[in-house]
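Biologist: Could you walk me through this structure? I would like to start with the charged pairs.

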Amino acid sequence: MTDLTVRRLLIDLERPVARHWCGGDAFLTAWFNALSMSFPVGEQFFIDSVRDGAKALPESERAAWEAEVKGFVGQEATHRRIHALFNAQIEKHGLVNAWAPRAEARMKVLAGADPRHALGITAANEHFTALFAEWLLGHPEVLAHSEPRLQALWLWHSAEEAEHKSTAFDLYQALGGNHAWRVKWMRRITVFFLADALRQTVNNLRRDGTLWRWSTWRSAARHLLGRQGLLRETFAPWRAYFRPDFHPEHQHSERSATWLRENSALFVAVGR
């Protein structure tokens, strides 16, 4: 079982967010904004899948999962709430969230399905978010020229994603979820996640008027495909998910715990 602490981040998101808040970089701003647009709907799906999965456990096993499920739900609910506040600010720049409605439409297909399918989808998405979190925690220069409150938002979220990356995976395994469906869902989620993220990023850039600037494409190439780019650095750990013996904790690092320890003044613990 994973010991998860629910934290309240001490930042003010009632104040406006600059149009190019990520260090003046149009691409990075559009990319982070796109990811944030998916979070309120996505986090609610993850919460529901873990809750439903826990209810499907044999009654004799539920007590052992109670604390971890509560911590997972608390962390994800906090992420959902704070990103809803962030999204309300960036929508003032004329951005339109097209990702969330597409995701909601897909979720309807799962109504009444075996809860292991939702858990398999959640585990795949949590692997993606954990990889992104690890990359971002390992490259603080990406946010170095952003407002401190927005640095705190993204690095706090990343640290907590790394903390609870095993919950849905372990619950899927506990319910007898098999390897074949686990990797099948990862293949599908890979296509949906990357297509949706890039599509929303392009939409954000188009509405911002910066899609066809050379600086936008140069930043995209550097941060996604460069030597230390996101896609390049996370390819191997993404591929590891397809191994029959894979477990999220095989890719453990201390970056999350280190950031939380060194930045404890930015949040307060509200539950465990």
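Biologist: Which side chain does R7 meet in a salt bridge?

Modeller: Keeping in mind that this is a predicted model, the side chain of R7 meets that of E160 in a salt bridge, with 3.0 Å from N to O. Because R7 lies in strand 1 and E160 in helix 5 (residues 148-163), the pair ties together parts that are 153 residues apart in sequence.

Biologist: And is E160 buried or exposed?

Modeller: E160 counts as buried, because its relative accessibility is 0%, and R7 is buried as well, with a relative accessible area of 8%.

Biologist: What about E163, how far apart are its closest atoms and those of R7?

Modeller: R7 also forms a salt bridge with E163, in which the closest N and O atoms are 2.9 Å apart, and both of these residues are buried.

Biologist: How many salt bridges are there in the whole structure?

Modeller: A search of the whole structure finds 11, and some of them are linked in a network that joins D12, R15, E147 and R149.

Biologist: Switching to helix 3, which of its residues are buried?

Modeller: In helix 3, which spans residues 99-107, the buried residues are W99, A100, R102 and A103. They sit on the same side of helix 3, because they cover an arc of only 160° around the axis.

Biologist: What do those buried residues pack against?

Modeller: The buried residues of helix 3 pack against helix 1 and helix 7 (179-208).

Biologist: Last one, which residues form a nonpolar patch on the surface?

Modeller: That patch is formed by L10, V268 and V270, which together have about 220 Å² of accessible area.

Key: Residues numbered from 1 in each chain as written. Predicted model: local features only at pLDDT ≥ 70, side-chain atom pairs only at ≥ 80, totals over all residues. Heavy atoms only, no water. Patch = residues over 30% accessible without salt bridge, like charges linked within 9 Å, V, L, I, M, F, W, Y side chains within 5 Å. Areas by Shrake-Rupley, 256 points an atom, 1.4 Å probe, with all protein chains shown as cover. Salt bridge = Lys/Arg side-chain N within 4 Å of Asp/Glu carboxyl O. Buried < 20%, exposed > 50% of the residue type's maximum accessible area, 1.4 Å probe, protein only. Helix = DSSP H or I, 4+ residues; strand = E, 2+ residues; numbered from the N terminus. Arc of directions from axis to C-beta. Contact = heavy atoms within 4.5 Å.
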